Amino acid sequence: MDSAEFSLDYYCWKHDQNLQPHKYFMLCPDLKPFVVFCAWHLWFHCVHFCPAHNMKKNDKLMCLLEERQRNEIKDMNKALVEFQKNCQKPETRREFDLNDPQALKKDRPARVSDDDPRCTISGMQKFMGEDLNCDQRMKFQKEQIREWSLQQQKDRKNALADQKLADNLYDKFRIELDRKIMEEQRKEEESRRVVCEATKTFNRIQAAELDHKNELEKAQKIKDDMDEITCLLQGDFLSENPDQAIGPCSKHPVLVDRWKGMNQEQLMAIRQFQKEQALEKEKSKFLQREKTVSVYSCGAHGSPIIPN
């Protein structure tokens, strides 16, 4: 039964998912009725009485089919990659010359020679003043530089020899010149020594005269200072003589900036005048008192008399 059930299910899946046993019997009339009955009975039992088992079996089949599909896609992609790698190389493509990484290396140069027919005016591949014989020129220049270097070395040796000879002559000339200069310096120092001695003697005499002059000036200054101090001490300003405030004319009898106070006569006159004022004031007070007493006495015997 299991083999029949599996064969039936596999045939149904292979040809038609909805194929039923009676249709299967019509497709296979050579099968025995008993086998067909058993198959139909199993199908009816699985559909109506075992749905969980059927779903589980369907899930397994779906998993197997998905895994088989993934493996087929994987193998197909692998085969495609191998085919492209072996039979469809980049060098065999029609557009390979457009994407060739070595195109610049394989390409011809822009100009092969001056007579290259590709070097048209619009191509701008040939200009005036270009160095076409660069290799020959570099070789000639190296040879020329070598000749120049040898000539410079020779000239340098000759120049060093000439410089050495000139240095020797210059040294002899400097020695002779130094000897003459030293002789002149000796004579100049001798004359300078004589002049210095004379200058010292003259300065010594000048210093002595200056010291004597300073002593005389100092003594005269001391004498003048003493006379000035004596004059100030005995003068009218420090002694505060009041007579120095008397003016020279009658318009200004007293000089305010020199006035030192009053003399004794002026002070006595002021005191006498003050005494006279005091006596007059006492006299006026006495008369006023007498007048007041007389007024009050008259008022006692009659009507009061108001003084004017």
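A contact here means heavy atoms within 4.5 Å. Among contacts in the chain between residues at least 6 apart in sequence, 11% join residues at least 24 apart.

The model is predicted: local features need pLDDT of at least 70, side-chain atom pairs count only at pLDDT 80 or more, and totals for chains, interfaces and linings use all residues. Residues are numbered from 1 along each chain as its sequence is written, and side-chain values use heavy atoms, with hydrogens and water left out.

Start with the fold elements. The chain has 9 helices and 0 strands. Helices (H or I, at least four residues) and strands (E, at least two) are DSSP runs, numbered from the N terminus. The order from that end reads α-α-α-α-α-α-α-α-α.

Next, the surface. Of the 308 residues, 6% count as buried. Buried means under 20% relative accessible area, exposed means over 50%, and partly exposed lies in between (1.4 Å probe, protein chains only). The accessible surface comes to about 28700 Å². Carbon and sulfur atoms account for 59% of that area. These areas come from the Shrake-Rupley method with a 1.4 Å probe; for residues, only the protein chains shown count as cover.

Helix α7 spans residues 134–234 and includes isoleucine 222. This isoleucine has 47% relative accessibility, so isoleucine 222 counts as partly exposed. Ile222, Met226, Ile229 and Leu233 make a nonpolar surface patch of about 410 Å². Patches are made of residues with over 30% relative accessible area and no salt bridge; like charges are joined within 9 Å, nonpolar side chains (Val, Leu, Ile, Met, Phe, Trp, Tyr) within 5 Å.

Now the charged pairs. A salt bridge is a side-chain nitrogen of Lys or Arg within 4 Å of a carboxyl oxygen of Asp or Glu. The count by this rule is 11.

One of them joins arginine 146 to glutamate 143, with the closest N and O atoms 2.6 Å apart. Both residues lie in helix α7, 3 residues apart, about one turn of the helix. Arginine 146 is partly exposed at 43%, and glutamate 143 is partly exposed at 39%. Glu143, Arg146 and Glu147 are linked in a network of salt bridges.

Glutamate 183 pairs with arginine 186 in a salt bridge, the closest N and O atoms being 2.4 Å apart. They are 3 residues apart in helix α7, so about one helical turn separates them. Glutamate 183 is partly exposed at 33%; arginine 186 is partly exposed at 48%.

Glutamate 190 and arginine 193 also meet in a salt bridge (2.5 Å, N to O). Being 3 residues apart in helix α7, they too are separated by about one helical turn.
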